[in-house]
Amino acid sequence: MVLICAGTMVLDGQVSRPGWLRTSGATIAACGAGPPPVPADRDFPDCTVVPGFVDMHVHGGGGASYTEHDGIRAAADFHLAHGTTTTLASLVTAAPAELIAGVRALAAATARGTAQTTIAGIHLEGPWLSRARCGAHDPALMRDPDLAEIDAVLTAGDGAIRMVTLAPELPGSDAAIRRFLDAGVVVAVGHTDANYEQTKRAVAAGATVGTHLFNAMPPLHHREPGPALALLQSTDVTVELIADGAHVHPEVARAVIRAVGPERVAVVTDAIAAAGRDDGAFRLGGVPIDVVAGVARVRGTSTIAGSTATMDALFRTAAADVGLAAAVRLTSATPARALRLDRVGSLRAGYDANLVVLDGELRVAAVMARGDWVAD
C-alpha cells in the first residue's frame with residue numbers, strides 16, 4: 001500500500017485542501033479530505049493531484065501514430081507522460097484491407113497488454129463520413145456504411161472497438177447505428193453534412209457523442225441550425241471540444257461549457273504524431289500534413305488536420321477558464337462516462353489508481369497509472 005498526500009486533491013469531483021489517498025496494488029483503497037490518518041509515503045504539499053486524464057479522441061503523438069503498427073506503444077507512452085492514463089486509439093479513413101489491419105493491430109496490442117494502462121479501446125473515425133466534410137481524411141476512401149464491412153471490422157476488433165464516428169445522412173447509416181449499438185459500441189456524429197433533423201434522428205436512434213463539435217460539420221445558422229444545435233440540445237449527448245484555441249475560439253468553448261455544463265463536454269486533443277515535435281512535415285494516414293506555429297494543416301490548404309495538443313496543456317487552459325473541479329470533469333470524468341468506462345475518471349475508493357501530480361503551475365510533476373509511478 002502507498003499513502004499519498006497533496007496540498008490540493010480533487011477527490012470524487014470535490015476539491016480538498018489538503019487531501020489524501022491510499023492505493024492497494026492497481027486500485028484506490030481509500031481516500032479523504034484533510035490531513036492523512038498516518039504519515040504519507042509520498043507528500044506533495046505544494047502540488048495538486050487530479051485523476052488521470054481520459055482522452056477519447058487521439059491519433060498519435062511524439063512522432064508516432066496509432067495508424068502505424070510499430071508506433072502504437074510510442075504514441076501511448078508519449079501521452080502517458082503528459083498525464084493521459086486512459087485513451088482511445090483513433091484510426092482515420094482507410095481502404096478496407098488497411099482498416100482491418102489497423103483494427104487488428106490495435107486489438108492485439110490492447111489484448112496482450114502493450115500500453116495496457118492507457119489504451120481502453122479503438123475509435124473508428126471513418127471511413128463512413130461525408131466527403132463534403134472530410135477535413136483531413138482522404139475523401140477518395142470514404143464510403144457509405146455497409147453491414148458486411150462493419151461486421152468484418154467488428155470481428156477484427158474482437159471487442160476492442162469502443163466508439164465509431166459516422167455521418168448519419170449517408171445511405172445505410174440507420175442500420176449501421178443499430179449494428180454498432182448492438183455490439184456495445186458508442187456511436188458519435190461527426191464529419192457530417194447532416195441537417196438538424198437528420199442529426200436529431202441519429203440521436204433518437206442512439207448516437208450519444210458529437211465528434212469535435214463545430215469542426216467538420218455545417219456551421220450554426222439562424223435558418224439552418226444544423227448538427228451543432230441538435231447535438232447541444234440533446235441532453236443524452238456528450239460533445240467533444242478540441243479546446244486548443246485553433247479549432248474553436250476560446251470564447252465559443254467557454255460559451256458551450258457554460259450552456260450545457262462540464263458534465264456534457266469532453267475536452268479532447270485529436271492529437272496527431274506531430275504533438276510534442278517541432279514544426280515540420282507529417283502524415284495523418286495517407287494525407288500529408290504541414291505543421292506551422294504548432295497548427296497542423298493538410299498540405300497546401302487551410303484545413304486544420306488534428307492538433308499538436310496534450311491533455312495537460314488543455315487541462316491548464318480549462319482550469320484557468322472554469323476552475324479546477326470543472327476542469328477535472330471536462331478532462332476525466334465526462335469522457336469516462338461518455339465511453340461507459342468503469343473505475344476511471346475519478347479519484348475514489350474502488351477506482352483504478354490513475355492520477356496526475358501537477359506543480360504550482362499545473363504542469364506534470366508525476367503520473368501514476370494503475371498504482372505504478374510511470375513518470376516521476
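Two rings of Phe, Tyr or Trp (its six-membered ring) count as a pair if their centres lie within 6.5 Å. Keep that in mind for the first close-up, and remember that everything shown here comes from a predicted model.

**View 1. Phe-53 and Phe-315 form a tilted ring pair.** By that rule, the count for this model comes to three aromatic pairs. In the one shown here, the ring centres of Phe-53 and Phe-315 are 5.3 Å apart and the planes sit at 35°, so we call the pair tilted; planes under 30 degrees apart would count as stacked, and over 60 as edge-to-face.

**View 2. Eight strands line up in an open, parallel sheet.** Reading across, you meet β6-β9-β10-β11-β12-β13-β14-β15. The edge places go to β6 (53–55) and β15 (265–267); each has a single partner strand, so one side of each is left without a neighbour in the sheet. Helix α9 (residues 324–338) packs on this sheet and touches β6, β12, β13, β14 (238–241) and β15. The directions of α9 and β15 make an angle of about 115°.

**View 3. Strands β12 and β13 run side by side in the parallel sense.** What holds strands of a sheet together? Strands pair through backbone hydrogen bonds, either parallel or antiparallel. Here β12 covers residues 186–189 and β13 covers residues 209–210, and two bridges connect them. Look for Ala-188, which sits opposite Val-209 in β13.

**View 4. Three strands make an open antiparallel sheet.** The order is β16-β17-β18. Both β16 (280–284) and β18 (295–298) are edge strands with a single partner strand each, so one side of each has no neighbour in the sheet. From one strand to the next, the twist averages 35°. Zoom in on β17 (residues 287–292) and you'll find four bridges to β18, with Ile-289 facing Val-298 in β18.

View 5. Strand β1 (residues 2–11) runs parallel to β5 (residues 42–51), joined by five bridges. Strand β19 (residues 355–358) is joined to β5 by four bridges, but these two run antiparallel.

**View 6. Helices α3 and α4 pack with a right-handed crossing.** The axes of α3 (residues 147–157) and α4 (residues 173–182) come within 10 Å and cross at roughly 20°. That makes α3 roughly parallel to α4, because angles under 35 degrees count that way. On the α3 side you'll spot Leu-147, Ile-150, Asp-151 and Leu-154, which meet Ala-175, Ala-176, Arg-179 and Phe-180 in α4. Sorted by class, this contact has six nonpolar, no polar and two charged residues.

**View 7. Helices α5 and α6 cross in a right-handed way.** Here α5 (residues 196–205) and α6 (residues 226–233) pack at about 35°, with axes 7 Å apart. From α5 come Tyr-196, Thr-199, Lys-200 and Val-203; they meet Gly-226, Pro-227, Leu-229, Ala-230, Leu-231 and Gln-233 in α6. Which classes do the residues of this contact fall into? There are six nonpolar, three polar and one charged.

How values were computed: Residues numbered from 1 in each chain as written. Predicted model: local features only at pLDDT ≥ 70, side-chain atom pairs only at ≥ 80, totals over all residues. Heavy atoms only, no water. Pairing = 2+ DSSP bridges. Contact = heavy atoms within 4.5 Å. Axes fitted to C-alpha atoms, helices over the stretch in contact; angles between N-to-C directions. Parallel < 35°, antiparallel > 145°, perpendicular 65-115°, else oblique. Left-handed = near helix turned anticlockwise from the far one by under 90°. Nonpolar A, V, L, I, M, F, W, Y, C, P; charged D, E, K, R; others polar.
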